[in-house]
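Please look over the sequence and the structure shown below before reading on.

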Amino acid sequence: MSTVLSGWLPEQRWFAGKGGGISSATVERETSMPGPHGLSHVLLSVQDQSGRSDRYQLLLGRLTGEVPQRLAHAVLGQVEGDEVLYEAVHDEEAAAALLTLISQGVEAGGLHFTSTGVLDPSLRSRVISAEQSNTSLVYGDEYILKLFRRVQPGLNPDLEVSRALAEAGSPHIAAPLGWVETTVEGQRTTLALLQCFQRNATEGWAMATASVRDLFAEGDLHADEVGGDFAAESERLGGATAEVHALMAQTLPTGTAGPQESAATARQLHERLDAALEIVPELAEHADVLRATYDQVGGRTEPVAVQRVHGDYHLGQVLRTQSGWVLLDFEGEPARPLAERTALMSPLRDVAGMLRSYDYAARHLLAERGSDPQLAYRATEWAERNRQAFCDGYTRAADHDPRDEAGLLRAFEFDKAVYEVVYEARNRPSWLPIPMGSIERLAASATSEGDSQ
């Protein structure tokens with residue numbers, strides 16, 4: 001099995017070790033589950049050639065004889081005799097068995113299934129095909145189950161935060177309906193989260209990029225003169241974000257970061273840049289400006305309010321429903337250690353993440369079309385209009401303006417852009433100019449403001 005998995009893993013969208021070369025893939029634990037075709041849950045320990053280790057979870061089935069056409073795309077390979085291994089998330093019977101176990105709230109072989117209410121296990125499932133760092137199954141139009149592919153010991157913040165906000169009555173989240181856990185390294189560990197499926201909702205990224213597409217089609221018009229103007233939605237999204245931040249501060253731990261914590265934050269920012277420079281040396285051109293901005297954070301003497309935050313906030317993490325904006329995926333950046341993702345931090349990190357996302361939405365079509373000065377100008381204009389609208393909405397709901405903390409906000413934008421540079425270099429090299437261009441513009445802005453002081 002290990003040989004088959006070593007060849008299959010690098011092709012998966014959610015596999016984090018792309019480009020590193022797998023030195024070993026070891027089945028850490030395989031648990032038989034009630035279901036079809038020898039259904040089993042597997043915890044897999046993977047080590048790459050640099051020595052980095054990650055743990056993944058798989059839902060596997062085994063077939064003998066001819067593979068049904070509906071599962072042909074899910075086959076991993078032949079493992080023993082004529083036995084064929086396949087990924088069972090694509091098997092409706094296996095997915096139904098998983099939902100049944102959650103609805104029953106049972107324990108099976110060390111896997112703990114929990115339900116918060118009555119579920120309908122007869123709903124048909126489908127796997128969402130969007131590019132994600134996890135795998136999601138939709139049951140009918142009622143539920144969505146997210147399998148956390150990379151497993152880190154402990155309570156996943158997506159479950160923790162979603163439960164806290166749901167219990168507090170937030171209208172801006174998808175309520176948890178159930179979850180799956182096991183014990184890893186002595187800690188109760190989240191494997192999957194079942195939530196209400198937001199039917200008839202539209203992803204923020206799709207709405208924003210449609211607006212940009214409309215703008216580019218007109219060419220000579222400004223963003224506020226085009227029918228698909230997104231600024232009003234951006235303002236509403238800013239308001240919803242501030243309301244969620246306020247509720248998180250009421251229901252989860254908060255604190256105050258003093259000079260020592262600010263210095264520690266700056267060290268962390270520098271370390272991330274150091275690591276990114278080894279992967280994308282082109283960043284060196286702007287390193288001095290980034291480091292100067294990080295040093296300003298490290299030199300802060302004013303206290304900073306910190307709390308739990310979303311941690312990986314962008315337009316792909318929000319849905320526009322008929323009643324308003326809903327925020328998703330509170331697990332933070334999956335590549336970060338769990339302790340880092342659950343640490344208290346400034347809500348400005350989320351604001352910075354969304355501001356970066358507007359820049360991405362404005363410019364990703366340029367990456368596909370090639371350079372066009374007129375469209376590039378319009379993209380900049382669109383991004384700035386929506387960035388300001390988001391901050392306006394946030395300010396009205398929070399009663400304080402995130403733009404008042406310009407230095408801290410810029411440092412977090414730089415940090416997010418550095419993360420994006422590494423991500424694009426590893427996964428979508430054709431999009432690498434988007435975050436690199438953003439860093440160049442942010443660096444020029446920081447230098448200009450520094451010169452004027």
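At what angle do helix 3 and helix 5 pack, and how far apart are their axes?

## Packing of helix 3 and helix 5

The model described here is predicted. In this model, helix 3 (residues 157–167) packs with helix 5 (residues 231–251) at an angle of about 95°, and the axes of helix 3 and helix 5 are 10 Å apart. Angles of 65 to 115 degrees count as roughly perpendicular, and helix 3 and helix 5 are therefore roughly perpendicular to each other.

Helix 3 contributes Val161, Ala164 and Leu165 to the contact, while helix 5 contributes Val244, Leu247, Met248 and Thr251. Sorted by class, the contact of helix 3 with helix 5 has six nonpolar residues, one polar residue and no charged residues.

An open sheet is formed by seven strands, in the order 6-7-11-12-10-9-8, and their pairing is antiparallel. Strand 6 (107–108) and strand 8 (125–127) are the edge strands, each pairing on one side only.

Strand 8 is joined to strand 9 (residues 135–139) by three bridges, and these two strands run antiparallel. Serine 125 has tyrosine 139 in strand 9 as its bridge partner.

## Helices across the strands

Helix 2 (residues 92–104) lies across several strands, including strand 7 (111–115), strand 10 (143–147), strand 11 (176–184) and strand 12 (187–196). Helix 2 runs at about 70° to strand 7.

Helix 3 lies across strand 10, strand 11 and strand 12, and runs at about 145° to strand 11.

Technical notes:
Residues numbered from 1 in each chain as written. Predicted model: local features only at pLDDT ≥ 70, side-chain atom pairs only at ≥ 80, totals over all residues. Heavy atoms only, no water. Axes fitted to C-alpha atoms, helices over the stretch in contact; angles between N-to-C directions. Helix = DSSP H or I, 4+ residues; strand = E, 2+ residues; numbered from the N terminus. Parallel < 35°, antiparallel > 145°, perpendicular 65-115°, else oblique. Contact = heavy atoms within 4.5 Å. Nonpolar A, V, L, I, M, F, W, Y, C, P; charged D, E, K, R; others polar. Pairing = 2+ DSSP bridges.
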